[in-house]
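Please look through the model shown here before reading on. The questions and answers that follow take up its chains, their contact and some single residues.

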Amino acid sequence: MTNKAITVENITKRFGGFTAVDGISFGIERGEIFGFLGANGAGKTTVMRMLCGLSKPTSGSGMVAGFDMMTETESIKRSIGYMSQKFSLYADLTVRENLRLFGAIYGLRGRAIAVRTVKMLRELGFYAERNTMVKDLPLGWQQKLAFSTAIFHSPEIVFLDEPTGGVDPLTRRQFWELIYKAADSGITVFVTTHYMDEAEYCDRVSIMVDGRIEALDTPSNLKRQYNAASMDDVFQRLAQTAKRNDTI
Amino acid sequence: MKQFISFVQKEFRHIFRDRRTMLILIGMPIVQIVLFGFAITTEVRNINVVLLDPAKDRVTRQITEKLAASDYFNIVGIIGNSHETERVLLDGTADMVVAFDERFDEKLYREGKAAVQLIVDATDPNTAITEINYAAQIIRETQMEMSGISPSGQIIPDMRMLYNPQMESAYNFVPGVMGLILMLICAMMTSISIVREKETGTMELLLVSPVKPPCIILSKAVPYLVISCANMITILLMAVFVLQVPFAGSVAWMAAISLLYILVCLSLGLLISTLVKTQVAAMLISGVLLMMPALLLSGMIYPVENMPKILESVSSIIPARWYIASVKKLMIQGLEISCVWKEFIILLFMAVFLLAVSIKKFKLRLQ
């Protein structure tokens with residue numbers, strides 16, 4: 001088995017005559033934090049949906065968590081975690097009920113769920129709030145809880161779709177500490193974001209423009225390559241070359 | 001299976017924790033039954049009757065006794081001559097004056113007919129007609145009982161009111177309320193609960209998970225199915241014990257056709273949920289496209305037979321119409337299942353069609 005969590009070869013996705021993703025290739029190491037950047041409409045969401053097994057590529061090939069993207073989407077779904085930009089836990093269920101539900105969805109046994117719940121909530125410092133409804137928690141806590149839920153079943157890879165939208169800087173900082181911790185434990189992190197300071201936290205970053213990956217390297221290499229002071233500069237420079245409309 | 005149980009449990013929690021939903025689900029059937037059964041009733045009770053009976057013979061006495069014995073009429077007085085008729089009606093002593101012919105008994109025997117005049121205050125024509133009908137019915141019944149006395153030559157107008165001889169309005173409303181409530185809970189609530197997950201973003205999470213879409217959908221339907229059944233039992237119990245509507249037919253077949261109707265409504269809800277993106281839209285669509293026609297065109301309030309041809313054809317695509325018709329037949333008229341096979345087949349066809357379309361739509365959306 002290779003040490004790659006994700007390998008993608010020449011993946012294309014067409015919707016009718018429109019090519020949303022135009023033959024991209026990349027590989028992500030196990031335990032890596034991979035930042036996936038791009039303006040709205042660049043094709044980020046489409047790539048993410050294909051990697052999560054929600055849609056199949058028109059052509060190309062790829063392996064996610066050791067399973068074929070074209071034929072083994074069900075197995076892929078079982079080995080990944082997902083957290084979307086919208087806050088996505090059940091607000092009218094308690095912290096524990098949410099964890100139990102998602103544990104059951106991923107086929108964990110009742111006993112394992114109970115043990116993990118206690119361990120996880122202790123680590124987060126949420127144990128006292130285990131019977132609180134999620135809607136009564138502060139937003140930052142909700143976000144952390146959503147992330148912890150996404151990795152509750154110990155997935156190989158966790159996909160984070162703009163996870164820190166609308167969160168204050170301090171909480172974002174704490175959130176990234178959780179991401180680092182997850183990566184240290186061997187979980188591969190695939191994250192999209194609009195915050196360029198967050199891009200600097202990633203091991204490697206790719207920038208998508210018009211359905212193609214225009215740049216892929218570590219943040220420091222990219223800055224050197226584009227002779228830019230920050231990731232924000234790098235991004236601006238590349239995004240300006242886009243021909244597609246933002247609204248696509 | 002374990003996934004499925006967890007999901008059903010979660011759906012029940014959503015329902016029980018949302019006080020507004022709970023209120024709609026539990027309160028609605030009771031409120032509707034009470035409203036339709038008592039408040040919006042079209043029946044008339046306690047009609048004050050004044051008699052003008054110059055004959056005072058056996059037949060008129062018998063009719064008078066019958067009137068007095070019924071729930072609808074109170075005999076409040078007797079007047080001596082027809083000039084007083086207007087007075088008792090105007091001063092409110094009487095709602096109706098029953099005036100018998102002179103030598104009533106004799107006329108009936110000898111001449112083959114005797115007249116009885118029913119005079120009512122017709123400022124409210126609907127009530128007046130109802131009152132006249134009640135009285136005419138009772139007079140006819142008396143005549144029937146005195147069979148042999150009734151001469152063969154007499155013309156009896158065919159005004160029989162089958163199955164609902166007292167024109168109890170609750171008889172008509174109970175099937176209607178059942179059709180409406182089941183539609184509301186199954187279609188509206190199911191669509192809202194699915195669309196809510198789209199709105200909050202949790203649906204995305206479920207689609208990314210290994211859970212199969214049919215499992216998600218089925219787990220949404222189960223709680224509403226359970227609640228619908230509970231509501232149906234509530235409505236039936238209230239109908240029988242509070243409104244005194246007899247349950248003449250087979251309980252098993254009632255349950256069967258109700259389950260079929262529930263299936264139709266659930267698929268409608270599912271279909272709506274695949275068409276809209278917000279809870280408000282789901283509510284509007286179920287409100288305007290489902291509830292209004294179910295209320296107005298299903299035959300619950302206005303008989304389908306009395307509708308203009310075009311509306312009658314529109315009403316035939318409304319599931320509630322067929323359900324209400326079959327409940328009337330099965331429950332109130334106590335007919336055999338063979339009499340509702342047409343309704344049964346139409347509902348079955350609707351269920352299959354709606355389910356097929358909505359599952360296809362749901363799958364398309366996942367692509």
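Q: How many helices and strands does chain B have?
A: This is a predicted model, in which local features need pLDDT of at least 70 and side-chain atom pairs count only at pLDDT 80 or more, while totals for chains, interfaces and linings use all residues. Residues are numbered from 1 along each chain as its sequence is written, chains are lettered from A and ligands numbered from 1 in the order in which they are written, and side-chain values use heavy atoms, with hydrogens and water left out. Helices (H or I, at least four residues) and strands (E, at least two) are DSSP runs, numbered from the N terminus. By that rule chain B has 14 helices and four strands.

Q: What share of the residues of chain B count as buried?
A: A residue is buried when its relative accessible area is under 20%, exposed when over 50%, and partly exposed in between (1.4 Å probe, protein chains only). Chain B has 367 residues, and the share that counts as buried is 49%.

Q: How far apart are the centres of domain 1 and domain 2 of chain B?
A: Domain bounds come from an automatic or database domain assignment. In chain B, domain 1 covers 2–40 + 169–366 and domain 2 covers 47–145. Taken over C-alpha atoms, their centres are separated by 46 Å.

Q: What area is buried between chain A and chain B?
A: Contact means heavy atoms within 4.5 Å, and here it takes 29 residues from chain A and 25 residues from chain B. Buried area is the accessible area (1.4 Å probe) that two parts lose on being put together, summed over both. Carbon and sulfur atoms give 58% of it, and the area comes to about 2,300 Å².

Q: Which residue of chain A forms a salt bridge with R17(B)?
A: A salt bridge is a side-chain nitrogen of Lys or Arg within 4 Å of a carboxyl oxygen of Asp or Glu. The count between the two chains is three. For R17(B), the closest N and O atoms are 2.6 Å apart, and the partner is E97(A).

Q: Which helix of chain A gives the most to the side that touches chain B?
A: Helix 2 (73–79), strand 6 (80–83), helix 3 (95–105) and helix 4 (110–124) of chain A each supply at least two residues of that side. The most, six residues, come from helix 3.

Q: Is S148(A) buried or exposed?
A: S148(A) lies in helix 5 (residues 139–150) of chain A. Leaving out residues up to four places away in sequence, S148(A) touches M120(A) and L124(A). Its relative accessible area is 4%, so S148(A) is buried.

Q: How many residues of helix 1 of chain A are buried?
A: Helix 1 spans residues 44–51 and is mostly covered. Among its buried residues are K44(A), V47(A) and L51(A). The count is six of eight.

Q: What is the relative accessible area of I33(A)?
A: I33(A) is found in strand 3 (residues 33–38) of chain A. Not counting residues up to four places away in sequence, I33(A) touches residues including W176(A), Y180(A) and C202(A). I33(A) is buried, and its relative accessible area is 1%.
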